[in-house]
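Hi,

Here is the structure I promised to pass on to you.

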Amino acid sequence: MREQDVTFKPGNHAIFLVFGLNKPDDTGPVKAICEDAPSFVRSLRNRYPAETVSCVLGFGSPAWDHLFPRRKKPKELSPFAEIKGEKFTAPSTPGDLFFHIRSSRADLAVELASLVTESLGDSVFPIDEVHGFRYFDGRAILGFVDGTENPDIPEESRRFAVIGDAEPDFKGGSYCFVQKYVHDMAAWNKLSTEEQEKVIGRGKFNDRELSDEDKPENAHNAVTNIEDENGEELKIVRANMPFANPGKGEYGTYFIGYASTFTTTRKMLENMFIGDPVGNTDRILDFSTAVTGALFFIPSLELLDELAAAED
Ligand code: HEM
């Protein structure tokens, strides 16, 4: 089974599109997009061989039930259940269809998003659209390099991001969780560099991980660093992008994590928003508010083909 481009690097330009289903009875255009989106990518890659172009397409739980009522459902595909801690909340927001478009060029990303949107026509309505950009040397808008501890070797990225034998019917698929954050930049910028480094758990300039003595227990990379019962580190593949509307004073991070099992991502989120132990919440949340949260299933390329032709 071949996976969609879930282990790709974040890229220079990304567009994140979330749609709702508009016409519950007319499922034709939505099923057709399963074939059309990969063919749009093929065309752009053929025409611009020196550029990178990709489009990952996924389904939310209600859309899966509606579009494919007689098919099996991926084990962990259900609407994201809000996480409510004492201090912070990870909200759950709606989403039927999701597209993660990446390109080395902004115009190609916009072209792909336009082709997808035109094809879907009025079978869907827009819920959220974020245009992300690469910020300097791959930094989050908070000024810290983002993505360093992502799995790096291709086999490792696939093991963590792509469903294997655990779900034979959905092999080659992935669970994708997205969450839009807005940052309180005024409060963030009041911190000294040293204080900011203690929030993230890494050096700001050189991206070096803080030593165990210097790293607080509520640093972002301490809270999200998790292990299985055998002490093996559990990872996900992140491709976050900064976004900004400076005129409105809005600065944010579009978090996106692909995983072979959503349980891993969910544990990281619980650590951040509730804390383990309870109350040890992620210090990054003192400067970041989650405003969306949705889970999507990303079918393998073979399953996408099948879904395009699905009668049910
Ligand atoms: C406000 C939104 C977020 C920002 C700005 C952000 C930024 C960062 C940065 C700068 C790092 C350090 C460099 C690196 O290893 O990538 C990092 C690490 C990490 N983040 Fe986030 N992140 C955010 C949300 C999340 C969420 C929601 C999750 C999980 C659901 C997550 C999971 C991780 C993991 C697993 C690491 C690596 C930890 C380790 O060192 O083992 N992040 N993040």
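Below is what I found, going from the whole protein down to single residues.

Two things before you start. This is a predicted model, so please keep in mind that local features need pLDDT of at least 70, side-chain atom pairs count only at pLDDT 80 or more, and totals for chains, interfaces and linings use all residues. Residues are numbered from 1 along each chain as its sequence is written.

**The whole protein**

The protein has nine helices and 14 strands. Helices (H or I, at least four residues) and strands (E, at least two) are DSSP runs, numbered from the N terminus. The radius of gyration is 19 Å, close to the 20 Å from the globule rule for 312 residues, so the protein is as compact as a globular protein of that length. That radius is taken over C-alpha atoms, and the rule is 2.2 Å times the number of residues to the power 0.38. Along the principal axes, the C-alpha atoms fill a box of roughly 60 × 45 × 35 Å.

How much of the protein is buried? Buried residues make up 43% of the 312. A residue counts as buried if 20 or more other C-beta atoms lie within 10 Å of its own, exposed if 12 or fewer, and partly exposed in between, with C-beta atoms placed from the backbone.

Contacts are another thing to look at: two residues are in contact if their C-beta atoms, placed from the backbone, lie within 7 Å. Among contacts between residues at least 6 apart in sequence, 77% join residues at least 24 apart.

The largest nonpolar core has 84 residues, and Cys55, Leu112, Val116, Cys176 and Val178 touch the most other members. Such a core is a set of buried Ala, Val, Leu, Ile, Met, Phe, Trp, Tyr and Cys residues joined through C-beta atoms within 7 Å. Take Cys176: leaving out residues up to four places away in sequence, Cys176 touches Gly58, Phe98, Ile256, Tyr258, Phe296 and Ile298.

Phe98 takes us to strand β5, where Phe98, His100 and Arg102 point one way and Leu97, Phe99, Ile101 and Ser103 the other. Strand β5 covers residues 97-103, and seven of its seven residues are buried.

Which way does β1 (residues 13-21) run against β5? The two are antiparallel and joined by seven bridges; Ala14, for instance, has Arg102 of β5 as its bridge partner. Strand β2 (residues 53-59) is also antiparallel to β5, again with seven bridges, and here Leu57 has Phe99 as its partner. Two strands pair if DSSP finds at least two bridges between them.

**Around the ligand**

There are 26 residues around the ligand, and the closest are Glu149, Asn221, Thr224, Asn225 and Met268. The elements that give two or more residues to this shell are β7 (174-183), α7 (220-223), β12 (250-259) and α8 (262-273). The shell divides into 10 nonpolar, 12 polar and four charged residues. Here Ala, Val, Leu, Ile, Met, Phe, Trp, Tyr, Cys and Pro count as nonpolar, Asp, Glu, Lys and Arg as charged, and the others, Gly among them, as polar.

- Tyr181 sits in strand β7 and is buried, because 23 other C-beta atoms lie within 10 Å.
- Beyond four places in sequence, its contacts include His220, Asn221 and Ala222.
- Asp207 is in the loop between α6 (193-200) and α7. Asp207 has a positive phi of about 65 degrees although it is not a glycine, and it is partly exposed, with 16 other C-beta atoms within 10 Å.
- Phe136 is not a glycine either, yet has a positive phi of about 50 degrees. Why does Phe136 count as exposed? Because it has 8 C-beta neighbours inside 10 Å.
- Asp276 and Pro277 are joined by a cis peptide bond, with omega about 5 degrees. Pro277 lies in the loop between α8 and β13 (288-290).

Cheers

Conventions
A residue is near a molecule or strand if its C-beta atom, placed from the backbone, lies within 6 Å of it.
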